[in-house]
Amino acid sequence: MKSLIVQLENRKGIPLDLNFECEAGKVLALVGPSGSGKSTILRSIAGLFKTERGFIKCHDQVWFKSDQRIFVAPQQRHVGIVFQNYALFPHLNVRKNIEIGMDATCVSSLEDLLSMVNLQGLENRMPSTLSGGQQQRVALARALAREPKVLLLDEPFSAVDQVTRRKLRLELLELIRKLNIPIILVTHDLDEAAMLGDRLCVLHNGTGLQTGTPDDVLRAPATAVVARLMDIRNLFEGELVDQDQEKNTSVILWEDIKFEAPFQRQIQKGSKINWSIPADKVLLHRRVNPSRGVRENPVSGQIIELVTISGISNVIIALDSDQRVKLHMDLPPHVVERNALKVGEKISVSLLKDALHLMDYSHSSSR
Amino acid sequence: MDWPAFFLSLRLAAITMIILLFIGLLIARFLAWRQFRGKALIEALVALPLVLPPTVLGFYLLSFLGKNSWFGHLYEQMTGDTLVFSFSGLLIASLIYSLPFAVQPMLRAFEAIPKKLREAAWCSGLNRWQTFYKIELPLAWSGILSGMVLAFAHTLGEFGVVLMIGGNIPGKTRTLSIAIFDRVQAFDDQSAQIMSLVLLIFAFVTISLVFLLNKRNS
């Protein structure tokens with residue numbers, strides 16, 4: 001049984017058109033650019049915003065059903081929410097901030113909550129004297145104080161520095177595993193969404209474009225728009241020239257080169273397509289002792305950019321066939337060193353057939 | 001020193017302040033958080049007494065509250081008393097005249113409370129009333145107190161409207177500022193001086209209090 005079911009439709013003001021479900025103990029990450037309606041969706045679940053049409057059900061309780069005029073007030077929904085910038089009560093100390101939502105029915109004590117979010121010893125401090133990370137922990141403890149049925153996190157790490165962010169993400173991951181409620185995380189940080197989310201829902205202008213595991217969405221974006229929102233760097237146009245279901249092969253024509261890709265049932269032979277490949281699925285041909293894979297969709301080009309960030313070397317290659325076309329490749333730094341890769345060097349690579357993903361053609365997708 | 005006038009002024013200012021506390025809170029909270037068409041017009045209307053000459057306000061109130069108006073007539077039928085040249089009439093005039101002095105500081109204070117704080121309170125299970133006294137009131141108290149102090153001080157010193165509506169009836173409508181005017185007319189400078197000094201000191205103390213509150217709040 002699904003724990004949280006959300007269907008929202010809104011035309012006036014903030015446009016929304018999406019539906020999703022989230023099971024208890026799972027994290028659904030809503031990702032999308034700012035203005036895509038992410039926060040409004042959280043506010044709708046919390047009962048702080050009423051869409052024109054919709055249905056929200058949590059466990060067995062209907063919170064919102066527009067056609068029967070059911071709308072449960074935020075106070076009765078028992079939703080735990082961590083706002084962007086936390087919205088701590090500035091005139092109350094940590095203890096009172098957390099206790100404000102607790103009543104006689106609450107099983108967990110203040111001490112349990114404080115230790116759960118590593119805040120012991122700070123209960124008498126005022127919010128203004130706390131660091132960003134500590135404020136976030138107070139907000140989380142306050143959200144959990146009423147034993148919520150759903151936990152909503154609105155850009156929970158946007159107000160802290162990068163070092164704290166990494167630490168808090170790990171702490172949150174640990175905490176999430178202990179909570180047996182649906183968790184909805186709103187973020188525009190794709191790494192964060194992929195790290196914390198069991199599933200992603202990609203949003204654009206209030207519409208849910210694709211929902212799936214981070215791996216599915218990143219490897220097989222439904223459309224070029226999703227691919228672009230997920231920052232998939234290798235997104236190109238081409239033509240589907242041949243299909244063979246038995247061999248599980250599609251042949252695509254790109255920049256006068258023919259490539260093999262997995263068979264794709266939905267797309268008609270002869271039609272224009274978009275295709276993508278994750279940057280870590282572009283295989284470098286070793287200069288000495290070339291491996292067997294060199295015959296798989298080979299292309300050659302010149303390195304025009306090479307940057308190493310947090311343990312991954314991003315290499316950009318301008319293709320020999322057309323210098324304007326750029327292919328992105330992610331490599332471990334030791335591979336870059338061993339092969340003595342430098343800007344200006346000529347290299348050849350393979351685009352792994354099984355990693356190629358074909359999509360229906362949409363305009364403005366070329367890069 | 002005209003003690004009856006002094007106590008009448010205090011009584012008028014205190015009652016006006018208490019009534020304006022409630023009216024001010026209602027109007028300030030409404031204007032701070034609601035968005036609606038014609039909001040600017042309502043805000044202008046509330047602030048109007050700030051710039052309106054007291055005699056103009058007094059004149060319209062006189063026409064509205066007078067015996068020949070429907071409201072004045074209704075009031076007389078119900079109570080057997082008239083509104084003009086009475087304490088009740090003075091009170092109505094003071095409420096309108098001092099309204100912006102109560103509302104403006106309260107409005108600024110409520111506007112300064114982020115919407116998310118109230119939403120966080122609702123999501124923590126606090127109903128509207130609990131949100132008001134646990135979150136809004138402690139955060140806006142200095143603005144509310146400023147509004148009350150200003151309304152009190154402004155009512156204490158009003159002259160033009162009082163003269164138009166209340167006249168100068170000892171023990172009934174003669175306030176301290178009217179008494180000062182009365183004493184000057186009668187060349188009783190010593191009494192006028194004492195009463196003026198009382199009002200001066202009082203005005204200085206209240207305005208200092210307002211500044212102190214604002215400073216503490218920021």
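Predicted model: local features only at pLDDT ≥ 70, side-chain atom pairs only at ≥ 80, totals over all residues.
Some ground rules. Residues are numbered from 1 along each chain as its sequence is written, and chains are lettered from A, with ligands numbered from 1, in the order in which they are written.

Chain A, then. It has ten helices and 21 strands. Those are DSSP runs, numbered from the N terminus: H or I of at least four residues for helices, E of at least two for strands. The C-alpha trace of chain A spans about 70 × 50 × 35 Å along its principal axes. Of its 367 residues, 49% count as buried. Buried means under 20% relative accessible area, exposed means over 50%, and partly exposed is in between, with a 1.4 Å probe and protein chains only. Now take contacts in chain A between residues at least 6 apart in sequence: 65% join residues at least 24 apart. Contact means heavy atoms within 4.5 Å.

One residue here: Arg165(A). It is found in helix H6 of chain A, residues 162-178. Beyond its neighbours within four places in sequence, Arg165(A) touches Phe157(A), Ser158(A), Val160(A), Asp189(A) and Glu192(A).

H6(B) covers residues 115-123, and seven of its nine residues are buried. Among them are Leu117(B), Trp122(B) and Cys123(B). What covers the buried residues of H6(B)? From chain A, the cover includes helices H1 (38-46), H2 (74-77) and H5 (132-145), plus strand S7 (79-82). From chain B, it includes H1 and helix H7 (128-157). Just after H6(B), Gly125(B) takes a positive phi of about 95 degrees.

Next, helix packing around H5(B). Axes are lines fitted to C-alpha atoms, for helices over the stretch in contact, and angles run from 0 to 180 degrees between N-to-C directions. H1(B), residues 3-33, packs on H5(B), residues 87-111, at about 45 degrees, with the axes 6 Å apart. The two are therefore oblique to each other. Under 35 degrees counts as roughly parallel, over 145 as roughly antiparallel, 65 to 115 as roughly perpendicular, and the rest as oblique.

H3(B), residues 54-65, also packs with H5(B): about 135 degrees, axes 11 Å apart. That makes this pair oblique as well. Pro54(B), Leu57(B), Leu61(B) and Leu65(B) of H3(B) meet Gly89(B), Ile92(B), Ala93(B), Ile96(B) and Tyr97(B) of H5(B).

Last stop: Ser98(B), in helix H5 of chain B. Its relative accessibility is 0%, so Ser98(B) counts as buried. Which side chain does the side chain of Ser98(B) join in a polar contact? That of Thr155(B), at 3.0 Å. A polar contact is a pair of N or O atoms within 3.5 Å; within protein, one must be able to donate a hydrogen and the other to accept it, and residues adjacent in sequence count only if both atoms are side-chain atoms. Leaving aside neighbours within four places in sequence, Ser98(B) also contacts Leu20(B), Ala151(B), His154(B) and Glu158(B).

Note on methods:
Heavy atoms only, no water.
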